[in-house]
Amino acid sequence: IHLSGYSNLCVYFMIKSLNELKENGKCVYITPYEFLNTGYGVVVKEYLLKKRMLKSIIKFDNSLSLFSDAITTSCILVFENKRHDYIEFNTIDSLEQISGHVYGASVKLRYEEIKAEEKWNTYFRDDSIHEYKNLVEFCTVAKVKRGIATGNNSYFTLSRPRIEELGLSSQVCVKCITKSPDVKKMVFTDDAFDELENQGKRVYIFDGEKADTQNDLDYIKWGEENGADQSYLNRHRTPWYQVENKQTAPIWISVFCRDRLKVIRNETEAKNLTTFHGLFTDSDDKAFQDILFCYLLTPICQEILFENKREYGDGLQKFEPGDLNRSRIIDISVIAEEDRRKILNLYQKIKLEEDASKWIEQLNDIFTRYIIP
C-alpha cells in the first residue's frame with residue numbers, strides 16, 4: 001500500500017491494527033474523519049473496501065467540540081474481522097445522543113454501492129444522492145487556483161506609507177489583496193481598493209525581480225540581513241525575492257468558511273494571496289464572468305459545492321482548489337437570454353447595495369429552475 005505523505009499518522013496505525021486482528025476480532029478507533037474526503041484518503045478507502053472489515057462509522061457533527069485542546073473532526077470506526085456486506089454511516093448531532101445511544105441519522109449501504117474515489121461524507125445523509133440537471137464538472141467552466149504564497153508576508157506585503165518610506169519604484173509594487181477581512185463587499189472595485197490604500201492597509205506585494213533602482217536593491221539587501229530569505233519557501237526559490245507569476249483572478253473564493261463560501265467579484269487589477277483562491281474562466285467575456293459570480297452566490301450552488309468540502313472541526317470548513325475543480329456547477333450555456341439579462345441586472349444591484357440578500361434570493365429562484373428537475 002503506497003500512502004501519500006499527506007496522510008494522517010492515525011491511518012498507519014489503523015491499517016497495521018487490521019492486519020494484526022485475529023478472525024472475528026474487534027477493533028474500534030476514534031480518529032479525525034478528514035481521510036473520508038481527502039485525496040490521500042482514496043488509497044485508505046480502497047483498502048477498507050477490499051478488506052470488508054469495516055462495520056460502521058459514527059461521525060460527530062463538526063460543530064461539536066469534543067477535544068478542548070484541538071480543532072479537529074472526530075469519528076468512531078468499528079471493525080470486525082469477518083466479511084461484512086454493509087457499512088453503516090451514522091451521525092451524532094449532539095452530545096446527548098451519545099449517552100442515549102441514538103443517532104441523528106443512519107444510512108446503511110452495501111459495499112458494492114460505495115466508491116473509494118467519492119467523498120464519503122455524503123454517505124452519512126439519506127438524501128446524499130441529489131437529482132440535479134444541467135450540471136457539468138466545475139473545471140470545464142472555470143479553473144480554481146490557489147493564491148500567491150510569498151514565503152514571508154511581513155516582508156513582501158506593503159502599505160502605501162511603507163512604500164513611500166522606502167522610496168520603492170512603482171514596478172516592484174504589485175496590487176494585491178493580502179487579507180480576506182479587508183474585502184467587505186461582494187464586488188471589489190477600484191474605489192474599494194483606493195479606500196484600503198488610503199487607510200494604510202497592506203495592499204501591495206514586493207516583486208524584487210523587477211528591482212532596478214538603488215532603493216529597490218537596498219530593500220532586497222535589508223531582507224537578507226533580516227532573514228526574509230530564510231523561510232522554507234524562499235530558500236527553495238531562485239531568486240528568493242521573486243513572487244509567483246499569477247494572473248489577476250476575476251473571481252475570488254475564500255479558502256475557509258463556516259456557514260457559506262465568501263465569493264468576491266474582482267473588478268480591479270489586484271491579485272490575491274492564499275487567503276483566497278482565484279477563479280479563472282476560459283472566456284474573458286465580462287458578462288459570462290458576472291453570471292458565473294452570481295450563480296456562486298446562491299444557496300443552491302453552495303449546497304452542491306459543499307458536497308466536496310473538507311471539515312476541520314468546530315464548524316470550520318475548507319476547500320482546496322482540487323475540491324472545487326472536481327465539484328459540479330451549472331452549465332451556463334443552457335440559461336435563456338431573457339434570464340441572462342435578469343441576472344446581469346441583479347448583478348448591478350448587488351454591486352450598488354450593502355445588503356444583497358434579497359437579490360441573491362431572486363438569483364436563486366432563477367438558477368434553481370435550471371437545476372432542480
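1. Basis. The model is predicted, so that local features need pLDDT of at least 70 and side-chain atom pairs count only at pLDDT 80 or more, while totals for chains, interfaces and linings use all residues. Residues are numbered from 1 along each chain as its sequence is written, and side-chain values use heavy atoms, with hydrogens and water left out.

2. Strand E4. Helices (H or I, at least four residues) and strands (E, at least two) are DSSP runs, numbered from the N terminus, and two strands pair if DSSP finds at least two bridges between them. Strand E2 (residues 54–60) pairs with E4 in the parallel sense over five bridges, and lysine 59 stands opposite threonine 91 in E4. E4 also pairs with strand E5 (residues 105–110), here in the antiparallel sense and over six bridges; valine 107 in E5 is the bridge partner of phenylalanine 89. Five of the seven residues of E4 are buried, where buried means under 20% relative accessible area, exposed over 50% and partly exposed in between (1.4 Å probe, protein chains only).

3. The open sheet. Five strands form an open sheet with mixed pairing, in the order E7-E16-E12-E14-E10. Its edge strands are E7 and strand E10 (187–188), each of which pairs on one side only. E7 and strand E16 (residues 276–281) run antiparallel and are joined by five bridges, with lysine 145 opposite glycine 278 in E16. The charged end of lysine 145 also sits over the ring of phenylalanine 280, 5.5 Å from its centre; this description requires NZ of Lys or CZ of Arg within 6 Å of the ring centre and within 35 degrees of the ring normal.

4. The core. A nonpolar core is a set of buried Ala, Val, Leu, Ile, Met, Phe, Trp, Tyr and Cys residues joined through side-chain atoms within 4.5 Å. The largest one has 43 residues, and Leu261, Leu279, Leu292, Tyr295, Leu296 and Phe367 are those with the most contacts inside it. Helix H9 supplies the largest share, eight residues. Leaving aside neighbours within four places in sequence, leucine 296 is in contact (heavy atoms within 4.5 Å) with residues including Phe138, Ile251, Leu279 and Ile329.

5. Aromatic pairs. Rings of Phe, Tyr and Trp (its six-membered ring) pair if their centres lie within 6.5 Å, and planes under 30 degrees apart count as stacked, over 60 as edge-to-face and the rest as tilted. By this rule there are 19 aromatic pairs. One of them, phenylalanine 293 with tyrosine 347, is edge-to-face, at 5.9 Å centre to centre and 85° between the planes; the pair links helix H9 (residues 286–297) to helix H12 (residues 337–352), across 54 residues. Phenylalanine 293 has a relative accessible area of 0%, and tyrosine 347 likewise has 0%. Elsewhere, ring pairs link Tyr155, Phe156, Phe206, Tyr219, Trp222, Trp240 and Tyr241 into a cluster, and the charged end of arginine 162 sits over the ring of tryptophan 222, 5.7 Å from its centre.

6. Asparagine 81. Which loop holds asparagine 81? Asparagine 81 lies between strand E3 (75–80) and strand E4 (86–92). A polar atom of its side chain lies 2.8 Å from the backbone oxygen of leucine 21. Not counting residues up to four places away in sequence, asparagine 81 touches Leu21, Lys22, Glu23, Asn24, Gly25 and Met53.

Definitions and conventions: Polar contact = N/O pair within 3.5 Å; in protein donor to acceptor, adjacent residues only side chain to side chain.
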